[in-house]
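Q: Please go through the ring and charge contacts of this structure and explain the reasoning behind each label.

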Amino acid sequence: CKHIALFIIFSLLVLFFEKFNALRKTYNKQLKICAGIEFAEPHLYVDRLEQLSKYPYFAEGFRSRDVSNVVDSLTGLVSRQYMVGFIQNLVENRIPFTLALLDLDNFKFINDTYGHKIGDGVLAGLSNDLGNYLDGYGIAGRYGGDEFVFVARVERPNEGQEIIAKIREELQRINEQSGQPYDAEISCGLYEVKDSSKIALAKALEISDERMYEEKRQRKMQRQ
């Protein structure tokens with residue numbers, strides 16, 4: 001029995017290292033594919049691949065598709081194409097999730113006043129903090145321009161709101177420590193998809209978008 005147990009343990013270790021080496025080869029392959037792409041922070045690409053490989057949709061994609069555009073080159077977050085594909089996969093498999101669209105409130109002012117280089121830095125900095133914070137909760141992506149999207153699996157009521165509140169707290173801390181003459185603030189639209197068999201992807205995104213812009217309007221009125 002002892003010899004059988006040792007054989008089983010040895011076999012499991014061999015299988016583990018085979019899978020680990022296969023995954024590492026996948027990362028190296030993707031890095032070679034992306035050798036011609038100029039990333040603002042090259043290490044973010046590897047970090048995101050490691051985070052995303054925990055999800056079956058992305059893990060399968062790494063093995064079967066060219067994923068050279070899976071990560072947005074400026075922000076290091078998942079690209080819109082792959083975020084939409086991931087959400088669609090959740091809908092098709094009837095997996096409940098919380099969807100959120102986020103928008104930088106004063107990004108145009110920052111761009112127009114301080115220049116696009118500073119604006120890009122704000123996007124990259126916020127994206128890095130957003131991606132790192134949400135790792136463990138869900139996945140964050142760049143939806144377009146200064147808009148972001150994240151998908152999270154929440155287990156209790158109002159947990160999505162709590163996540164957004166913590167993101168805002170972290171953003172406030174960064175603003176206070178940055179010493180910059182501007183503050184980065186966000187508006188957000190949350191939508192909880194409890195039964196994805198009853199709603200289409202486009203409708204879920206539309207509802208989140210409407211809620212985000214309604215909050216943006218309210219926040220703008222409060223500042224006036």
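A: In this predicted model, Arg80 lies over the face of Tyr143, at 3.9 Å from the ring centre. Local features need pLDDT of at least 70 and side-chain atom pairs count only at pLDDT 80 or more, whereas totals for chains, interfaces and linings use all residues. Residues are numbered from 1 along each chain as its sequence is written, and side-chain values use heavy atoms, with hydrogens and water left out.

Q: What makes a charge count as sitting over a ring?
A: NZ of Lys or CZ of Arg has to be within 6 Å of the ring centre and within 35 degrees of the ring normal.

Q: Why is the pair of Phe58 and Phe86 called tilted?
A: Five aromatic pairs are found in the whole structure. Rings of Phe, Tyr and Trp (its six-membered ring) pair if their centres lie within 6.5 Å, and planes under 30 degrees apart count as stacked, over 60 as edge-to-face and the rest as tilted. The centres of Phe58 and Phe86 are 5.4 Å apart and their planes are at 35 degrees, so the pair is tilted.

Q: Why is Phe58 counted as buried?
A: Buried means under 20% relative accessible area, exposed over 50% and partly exposed in between (1.4 Å probe, protein chains only); Phe58 has 1% relative accessibility and therefore counts as buried.

Q: What makes the pair of Phe109 and Tyr114 edge-to-face?
A: The planes of Phe109 and Tyr114 have 85 degrees between them, with 6.2 Å centre to centre. Phe109 is partly exposed at 46% relative accessibility, and Tyr114 is partly exposed at 33%.
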